[in-house]
Amino acid sequence: MSVDKENEKNEYTDKMRAEMTEKEIVEKAYEFYTNKDYKSAFEWYKNAAERGDAIAQNSLGAFYEQGIGVEKNQEEAVKWFKSAAEAGNELAQDNFGRCLREGIGTKQDLEQSAVWFKKSAEQGCYLAQYNLGLSYDRGLGVKQSTAEAMKWFGKAAEQGDELAQYTLGACYERRKGVERNPAEAFKWFQKSAEQGYPPAQYTLGACYEKGFGTEQDVKKSFEWYKKSAEQGYAPAQYETGVCFEAGKGTEKDLAGAFEWYKKAAVRGHIFARHNLGVFYSKGIGVEKNLTEAFEWYKKAAEQGNSISQYNVGNCLKDGIGVEANPAEAFEWYKKSAEQGYSFAQNNLGMCYENGIGTARSFDDALKWYKKSAAQGCMFAMYNLGNYYHHRKNPPEAVKWLTIASKYGSREAVQLLERFYKQRKKEYPERVHRKKKKKK
């Protein structure tokens with residue numbers, strides 16, 4: 001379009017808008033918006049906003065904040081939100097409060113954010129009612145008050161806000177300072193879940209699984225987990241995998257379990273990543289792939305999963321799915337052991353005793369064996385017995401080997417048998433028989 005025609009079009013548009021009321025301009029702007037003509041929508045909202053229409057000013061602020069039909073500009077967004085808020089627009093008051101709370105386009109001011117949330121909330125804006133509840137719940141710009149938080153969460157929840165409904169349910173489930181009420185928690189989780197809120201759907205699944213606030217029903221539990229999972233909520237994707245793996249609430253399907261674990265793992269779910277490593281390492285629901293197993297174990301290990309850290313240590317020690325690296329194996333065993341995982345504590349003791357990936361230290365070996373054995377690790381009990389056996393400490397050796405054998409260690413039984421045979425050779429038993437007295 002030529003410059004002259006563009007100018008002619010603009011003049012016509014300006015003339016047309018001059019003859020329209022602000023309400024009519026806003027309605028036209030919204031029509032452009034619903035037809036996805038965002039640039040035109042922006043221009044029409046801007047015209048009405050400059051004429052003082054509060055609804056248009058709030059919409060213009062949203063366009064600037066989100067970059068709809070115009071380049072993002074947070075400072076401009078705040079300017080228009082504030083203008084509309086001061087004119088009494090409840091949505092703008094909530095938006096202005098949110099910007100003040102988060103420091104979006106303006107300096108953070110928690111006290112003022114709470115002031116504006118309250119102005120909006122008292123006008124009945126459910127978004128502000130929830131935000132005001134959050135302010136009281138966390139003490140953001142106001143004195144912390146669980147009672148006030150519950151009051152405002154309740155007002156928003158009654159208006160149908162799914163986030164407020166979920167939060168209210170969570171308060172009744174476990175919030176400090178609130179009397180636990182499973183039935184009330186379940187009620188609000190259900191309301192939120194039925195509106196499609198993924199965390200609520202997941203939590204409702206957990207309620208049905210555990211019988212919290214309702215009768216236990218694993219089939220319904222699976223159904224709600226799956227609804228949430230299909231929306232991409234990672235915790236629900238993991239639980240859906242668990243259900244398929246165990247046949248809980250649905251038919252057992254290991255390939256299906258693998259697929260849901262993978263979806264959750266890709267989204268960063270730590271336990272799903274560990275389970276994916278297990279499935280790849282054993283060929284469960286997928287072709288066995290030790291390299292993939294190591295990679296997923298490592299991802300979970302880096303997030304702090306102690307069992308995955310132990311598995312990564314095993315892979316690096318023995319070169320399973322990755323090139324062997326004893327020094328790295330030692331470090332992963334140590335990470336896991338320090339988190340209290342007994343099998344890793346035992347393996348760390350073995351590293352110290354045998355100089356695997358670190359300098360030998362019998363004192364450290366003994367320390368970690370004992371930590372592991374104290375948690376009931378049979379292998380550590382055997383290693384302690386063996387350790388004392390080689391260091392000529394029969395009482396301690398027998399003590400730990402006997403305990404290990406009671407836990408089912410065949411090696412401990414065999415070593416005990418060898419030990420007793422050796423002792424008989426070194427110290428033949430003397431059998432003293434008393435002669436019977438003649439009558």
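This is a predicted model: local features need pLDDT of at least 70, side-chain atom pairs count only at pLDDT 80 or more; totals for chains, interfaces and linings use all residues.
Me: What span is expected for helix H13 at 1.5 Å a residue, and what does H13 reach?
Reply: H13 covers residues 218-230, 13 residues in total. A helix here is a DSSP run (H or I) of at least four residues, numbered from the N terminus. The expected span is 1.5 Å times one less than the number of residues. Numbering starts from 1 along each chain as its sequence is written, and side-chain values use heavy atoms, without hydrogens or water.

Me: Why is Tyr261 called buried?
Reply: Buried means under 20% relative accessible area (exposed is over 50%, partly exposed in between; 1.4 Å probe, protein chains only). Tyr261 has 0%, so it is buried. Tyr238 has 16%, so it is buried too.

Me: Why is the pair of Tyr238 and Tyr261 called tilted?
Reply: Rings of Phe, Tyr and Trp (its six-membered ring) pair if their centres lie within 6.5 Å; planes under 30 degrees apart are stacked, over 60 edge-to-face, the rest tilted. Here the centres are 5.7 Å apart and the planes are at 40°, so the pair is tilted. Tyr238 is in helix H14 and Tyr261 in helix H15, 23 residues apart.

Me: What makes Arg391 count as lying over the face of Tyr387?
Reply: The rule wants NZ of Lys or CZ of Arg within 6 Å of the ring centre and within 35 degrees of the ring normal. Arg391 lies over the face, at 3.9 Å from the ring centre. Lys299 sits over the ring of Trp296, at 5.5 Å.

Conventions:
Helices (H or I, at least four residues) and strands (E, at least two) are DSSP runs, numbered from the N terminus.
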